[in-house]
Amino acid sequence: MHDKLIIARVLLIIMQMLVFGNQLVKKDSLPLKLIPSLKKEFLSIEFIELDGIENLEKYGRRLFILDTVEGIKKPCIIHIADIQKQKVLSMHDCDLGFNLLLLKKIGKIDDAVIVGIPMRISKKAACEKVSRIIAGLKA
């Protein structure tokens, strides 16, 4: 019986969403706090918590990402083409955006769609707005 449930669950998953955040840093923890609510609402999406930006290409050629984004006022979609190309000054500057641009340039991924969450938004407001955005995404 358990095997049948696992098979049924695998057949229902049509998208993976990579979730970044840090539970120890309040302004960066909201994406992780939204996972339980989003899992209940979107049964066909597998939400995968990641704490590093290495090997993202193993999740497919088109990545869907949920992450905190500095400088935005409300949750929004950010496409890989929207990511500013910045000058890398140190290893600290090698962030998610830079890594996605690099993976695209070397042909490891085709696209990345980031559902960005602002640093200063309530959990309730973020959940409502992020749910609407995710509902409109196409795998």
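User: In what order do the five strands stand in the open sheet?

Analyst: Strands of a sheet pair through backbone hydrogen bonds, either parallel or antiparallel. In this predicted model, the order is E2-E1-E3-E5-E4, with mixed pairing; strands (E, at least two residues) are DSSP runs numbered from the N terminus, as are helices (H or I, at least four), and two strands pair if DSSP finds at least two bridges between them. E2 and strand E4 (76–79) each have a single partner strand, so one side of each lacks a neighbour in the sheet.

User: Which strand does E1 pair with in the parallel sense over six bridges?

Analyst: Strand E1 (residues 15–20) pairs in this way with strand E2 (residues 45–50). Between them the chain passes through helix H2 (residues 30–41), in a right-handed β-α-β crossover; right-handed denotes a clockwise path from the first strand over the helix to the second, with the strands pointing away from the viewer.

User: Is Thr68 buried or exposed?

Analyst: Buried means under 20% relative accessible area, exposed over 50%, and partly exposed in between (1.4 Å probe, protein chains only). Thr68 counts as buried because its relative accessibility is 10%. Thr68 belongs to strand E3 (residues 62–68).

User: Which residues does Thr68 touch, not counting those up to four places away in sequence?

Analyst: With contact meaning heavy atoms within 4.5 Å, Thr68 touches Lys27, Asp28, Pro31, Ile117, Pro118 and Met119.

User: What conventions apply?

Analyst: Residues are numbered from 1 along each chain as its sequence is written, and side-chain values use heavy atoms, leaving out hydrogens and water. Local features need pLDDT of at least 70, side-chain atom pairs count only at pLDDT 80 or more, and totals for chains, interfaces and linings use all residues.
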